[in-house]
Amino acid sequence: MNTQVFGHKSPDTDSTGSPIVWAWYLNEVKGVPATPVLLGEPNTEAAFMLERWNLEKPTIITDIADGQPCIIVDTNNPAELPDNINGADIQAIIDHHALVGGLKTKGPIHITIRQLACTATIMIDLMGEDAAKMPDAIKGAALTCILSDTLEFRSPTTTDHDRAVAEKLAADLGIDIAAYAADMFAAKSDVSSFSDAELLRMDSKEYAVDDTKFRVSVLETTAPGVVLDRKASLMETMTSVATEDGVDQVLLFVVDILNEEATLLVPNDLVKGVAEKSFGASVDGDAVVLPGIMSRKKQIIPNLKV
């Protein structure tokens, strides 16, 4: 049976590109029939990647059938996966996030979780010498994933190895990293066509602190003013999104890629307390700037307190 390869819901660039990269490897190198799929509409940067490298957008699925062979990439969190994920036949996990727990498998599987900034970096390591066989489009997808997850090496999650792999891919492709990353981030920053609810869910993860459930949303942009101009309506929409998604509060961090800081919207006393206890911030008004905060995985989620 054909193996489905997918990442998390609300797919960002890594969760769009890495399934494509690994499905190529399974099909073309390992001889295992595999298909990349998505668990939602890709964000604008991921859409840019697909167009730039002439890659077909994977089919979007809403759930998975009992016994369906699958490989999970860029997450290991059941909350970010299809509802019936434990009914599927999980064959492998390739990830760079903390181990959450809760997944059940039909038997022993391959699990690779490494302290790297990007799933695509791990995949290239796992391919070994076979990585040289990647066509330009697959190399381009991998490069885009790494530059996205590292914010062009600005993110504190970046390792020397991520940088070295990206630079090798760029050299193979004849790509100027700075110019290409600028085009990527411009695409990511174009959010004019998205509703407030779509923005709040676009790049978000559910996370609980004690008994308080959050949807932690991050918008990475080179034009933070475009998002912050919608501050009032975004904060109003947080209430309905939280209710619909079964969480207590939406936290929105607008990450300014170029200035290397995040702005947290502060709609109420709960979020004010989160800002003060988690980041030592002094809050005066409905938003607070958090210098140096760039990474949800390394700087935001681990520090959240209520």
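Residues are numbered from 1 along each chain as its sequence is written, and side-chain values use heavy atoms, with hydrogens and water left out. In this predicted model, local features need pLDDT of at least 70 and side-chain atom pairs count only at pLDDT 80 or more, while totals for chains, interfaces and linings use all residues.

**Pockets**

A pocket is an open set of points on a 1 Å grid over the protein atoms alone, where a 1.4 Å probe fits, with protein on both sides within 12 Å along at least five of seven lines. Lining residues have an atom within 4 Å of a point. A volume is the space filled by probe spheres set on the points, which are joined across faces, edges and corners. In the table, Ala, Val, Leu, Ile, Met, Phe, Trp, Tyr, Cys and Pro count as nonpolar, Asp, Glu, Lys and Arg as charged, and the others, Gly among them, as polar.

| Pocket | Volume | Lining | Classes |
|---|---|---|---|
| Largest pocket | about 530 Å³ | 25 residues | 11 nonpolar, 5 polar, 9 charged residues |
| Second largest pocket | about 320 Å³ | 16 residues | 5 nonpolar, 4 polar, 7 charged residues |

Lys9, Ser10, Pro11, Leu39 and Gly40 lie nearest the centre of the largest pocket. Two elements give two or more residues to its lining: helix 7 (196-202) and strand 7 (204-209). Helix 7 provides the largest share, 4 residues. Helices (H or I, at least four residues) and strands (E, at least two) are DSSP runs, numbered from the N terminus.

In the second largest pocket, Asn77, His97, Val100, Lys205 and Ile301 are closest to the centre. Strand 7 and helix 11 (296-300) each supply at least two lining residues. Strand 7 gives the most here, with 3 residues.

**Strand 4**

Pro69, Ile71 and Val73 point one way from strand 4. Cys70 and Ile72 point the other way.

Which strands pair with strand 4? Strands pair if DSSP finds at least two bridges between them. Strand 1 (residues 3-6) pairs with strand 4 in the parallel sense over 3 bridges. There, Gln4 has Cys70 as its bridge partner. Strand 5 (residues 89-95) also runs parallel to strand 4, joined by 5 bridges. Val73 stands opposite Ile94 of strand 5.

Note on methods:
Buried means under 20% relative accessible area, exposed over 50%, partly exposed in between (1.4 Å probe, protein chains only).
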